[in-house]
Structures are given as structure tokens and as C-alpha cells.
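Please open the model in a viewer and keep the selection panel at hand.

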Amino acid sequence: MNVSSNSTFSFGHGWTADLSGTYLAPERYGYERLRARGQIGVGLQKQLWANKATVKLSATDLLYTSPVRSTYAYANFEDTFFNRQDTRVMTLSFTYRFGNDKLAPIRRRQSGAEDEKRRAQ
């Protein structure tokens with residue numbers, strides 16, 4: 001079983017926050033048993049300059065719960081595996097949207113094939 005959830009919260013004045021979480025239930029692959037794992041991530045962002053720019057600060061795996069732990073068991077042999085990765089990461093990003101956002105959307109052109117499909121219905 002895998003469960004994930006993402007939520008976005010708006011606070012007004014261009015501020016939003018993101019909260020995400022993932023849970024992976026224990027798994028079994030032949031002789032291998034993987035323990036449950038998951039992670040929680042958060043983000044905070046602010047729109048600037050009439051929504052042409054965005055500054056975002058985000059962090060992943062806040063509780064450091066995503067390292068992989070597994071056990072291999074076969075006959076009289078048992079081995080435990082623990083894999084620690086750099087999953088706790090903080091990111092600061094700046095995005096600026098260039099160009100004219102006031103242009104009208106491009107008209108969708110129809111081809112002869114679409115005309116044939118309409119006649120067949």
C-alpha cells in the first residue's frame with residue numbers, strides 16, 4: 001500500500017504554502033522484507049511583481065523517515081540492509097516569467113481528419 005497526499009494553502013497577498021506526505025507500507029519481495037517508510041515535505045512561496053515572479057522555500061523529508069531498511073532471510077542466512085540517503089533537502093528558488101501574458105490564446109485549427117470524424121458520428 002502506498003499513500004500520498006498534497007495540500008496547498010492560500011493566505012492572501014500572494015502567499016501560499018504546500019504540505020505533502022508519503023507513506024509506503026512494509027513490502028515483501030521473495031526473500032526480502034522492506035520496512036515501512038515515508039516522508040513529509042513543506043514549502044512556502046510568495047508571488048512578486050504582479051505575479052511575474054515567485055520566491056519559494058521548500059524542504060523535504062523533515063523527519064528523515066525515508067531511509068530504506070530491509071532484511072533478507074533464506075534458510076539459515078539472514079542479512080539486514082540499511083541505506084541512508086541525503087533525502088532531507090532544503091531548496092530556495094526564484095522564478096521570473098518573461099514575455100507578454102496578455103496575448104489571446106491561439107485558435108485551434110481543425111484538419112480534414114477531424115471533419116471526417118464529425119461526419120461519421
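Begin by selecting strands S2 and S5, which run antiparallel and are joined by ten bridges. The model is a predicted one. Within this pairing, pick out Leu24, which stands opposite Arg37 in S5. Then select Tyr23, whose opposite residue in S5 is Gly38.

Five strands make up an open sheet, and their order is S1-S2-S5-S6-S9, with antiparallel pairing. At the edges are S1 and strand S9 (89-96), each of which pairs on one side only. From one strand to the next, the twist averages 15°. In general, the strands of a sheet pair through backbone hydrogen bonds, in either a parallel or an antiparallel manner.

Now select S1 together with S2. Ten bridges hold these two strands in an antiparallel pairing. Phe9 has Ala17 in S2 as its bridge partner. The two strands form a hairpin with two residues between them. In the turn, select His13, which has a positive phi of about 55°.

Which residues make the nonpolar surface patch? Select Phe9, Phe11, Trp15, Leu19, Ile40, Val42, Leu44, Leu62 and Leu63: together they make a patch of about 810 Å². At least two residues of the patch come from each of strand S1 (2-12), strand S2 (15-24) and strand S5 (37-48). The most is given by S5, with three residues. Phe11 counts as exposed because its relative accessibility is 57%, and the cut-off for exposed is over 50%.

The tour now turns to aromatic rings. By the ring-centre rule, with centres within 6.5 Å, the count comes to four aromatic pairs. Select Tyr31 and Tyr74, whose ring centres are 4.5 Å apart; their planes stand at 75°, so the pair is edge-to-face. Tyr31 lies in the loop between strand S3 (27-29) and strand S4 (32-34), whereas Tyr74 lies in strand S7 (residues 68-74), so the pair ties together parts 43 residues apart in sequence. Is Tyr74 exposed, partly exposed or buried? Tyr74 counts as partly exposed, at 49% relative accessibility.

Trp49 is exposed, with a relative accessible area of 58%. Phe94, in turn, is partly exposed, with a relative accessible area of 49%.

Definitions and conventions: Residues are numbered from 1 along each chain as its sequence is written. This is a predicted model: local features need pLDDT of at least 70, side-chain atom pairs count only at pLDDT 80 or more; totals for chains, interfaces and linings use all residues. Side-chain values use heavy atoms; hydrogens and water are left out. Patches are made of residues with over 30% relative accessible area and no salt bridge: like charges are joined within 9 Å, nonpolar side chains (Val, Leu, Ile, Met, Phe, Trp, Tyr) within 5 Å. Accessible areas come from the Shrake-Rupley method with a 1.4 Å probe; for residues, only the protein chains shown count as cover. A salt bridge is a side-chain nitrogen of Lys or Arg within 4 Å of a carboxyl oxygen of Asp or Glu. Helices (H or I, at least four residues) and strands (E, at least two) are DSSP runs, numbered from the N terminus. Buried means under 20% relative accessible area, exposed over 50%, partly exposed in between (1.4 Å probe, protein chains only). Two strands pair if DSSP finds at least two bridges between them. Axes are lines fitted to C-alpha atoms, for helices over the stretch in contact, and angles run from 0 to 180 degrees between N-to-C directions. Rings of Phe, Tyr and Trp (its six-membered ring) pair if their centres lie within 6.5 Å; planes under 30 degrees apart count as stacked, over 60 as edge-to-face and the rest as tilted.
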